[in-house]
Amino acid sequence: MLFDCKKLDKSVPIPLYFQLKELVLNEIKKGNYKEGDMIPTENEISEEFQISRTTVRQAITELVQEGWLYRVKSKGTFVTRPKIPQDFLRKLESFRDQIERLGMKPSTQLIELKREKADEEVAKALNVAEGEEVIYLFRKRFADGQPIVTIHTYLPYDKCSFIMGHDLEQEALYEVLAQGDNTKILKVKRRIEAVEAGEEDVRLLDMEKGKPVQYFITVGYTSEDVPLEYSKARYRGDRSSFEIMVLTE
């Protein structure tokens, strides 16, 4: 038999595709199908359970869309790596602390750190004059050696020049900023977009062009409501999921 659970119950008002989806998902969660394993073909599953290929395809497609499986043309359907549950939308926490809390090893590659002139976009975000000097920080971050996110960050140089002397591959940016004079980030505003992977994502995040990227634009504020950080982060859509908590009034 293909799966531990041998039958779908055709007598209950639960769609067969949903029953099959839950069955396959249960096999993955139990470890019977591990990362990189190929699951049975649509024909094999259809014959095993005596259901249509359309029903099988619907179940498998939803598991692909939810990130549990991925398809390789002319080869088959495979179990993907589990997504990393990111919850920085609900609280301020460094990437390092979050990844360690999940039992994984975080690391950071510093790609670029320099002074430059603020363009119109950066100046508007940081509420500074266009052409004013800012710090540009570009990092790539990993979990267990796998690239997860690239982050372009801008900070006003006059307030944050002291960070240039810190090791930003080993130290968390927010923790470094907290050491300065009124440069601790106490709240952030984030905008989320779904975009397609471009050339930089292919090169730095080991992705295929056109695959989904979760794009975050962040402005971090001090206790005096002064914008101090402007960041643009690109997360691999196949490796990250994000949790949001919404409270009623």
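Mentor: Start with two helices, H2 (residues 42–49) and H3 (residues 53–65): their axes come within 9 Å and cross at roughly 120°. Keep in mind that this is a predicted model.

Trainee: How are H2 and H3 oriented to each other, then?
Mentor: They are oblique. An angle of 65 to 115 degrees would count as roughly perpendicular, and one over 145 as roughly antiparallel. The crossing is roughly 120°, so H2 and H3 come out as oblique.

Trainee: Is the crossing left-handed or right-handed?
Mentor: Right-handed, as H2 passes H3.

Trainee: Which residues meet there?
Mentor: From H2, Glu42, Asn43, Ile45 and Ser46. From H3, Arg53, Val56 and Arg57. By type, this contact has 3 charged, 2 polar and 2 nonpolar residues.

Trainee: OK, switching to the sheet. What's the strand order?
Mentor: S4-S5-S6-S9-S8-S7. Those 6 strands make an open sheet, with antiparallel pairing.

Trainee: Which strands stand at the edges?
Mentor: S4 (106–117) and S7 (187–196). Each has a single partner strand, so one side of each has no neighbour in the sheet.

Trainee: And how much are neighbouring strands turned against each other?
Mentor: By 15° on average, direction ignored.

Trainee: Zoom in on S5 and S6. How many bridges do they pair over?
Mentor: S5 (residues 133–143) and S6 (residues 146–156) pair over 10 bridges, in the antiparallel sense.

Trainee: What stands opposite Phe142?
Mentor: Pro147, in S6.

Methods. Residues numbered from 1 in each chain as written. Predicted model: local features only at pLDDT ≥ 70, side-chain atom pairs only at ≥ 80, totals over all residues. Heavy atoms only, no water. Axes fitted to C-alpha atoms, helices over the stretch in contact; angles between N-to-C directions. Helix = DSSP H or I, 4+ residues; strand = E, 2+ residues; numbered from the N terminus. Parallel < 35°, antiparallel > 145°, perpendicular 65-115°, else oblique. Left-handed = near helix turned anticlockwise from the far one by under 90°. Contact = heavy atoms within 4.5 Å. Nonpolar A, V, L, I, M, F, W, Y, C, P; charged D, E, K, R; others polar. Pairing = 2+ DSSP bridges.
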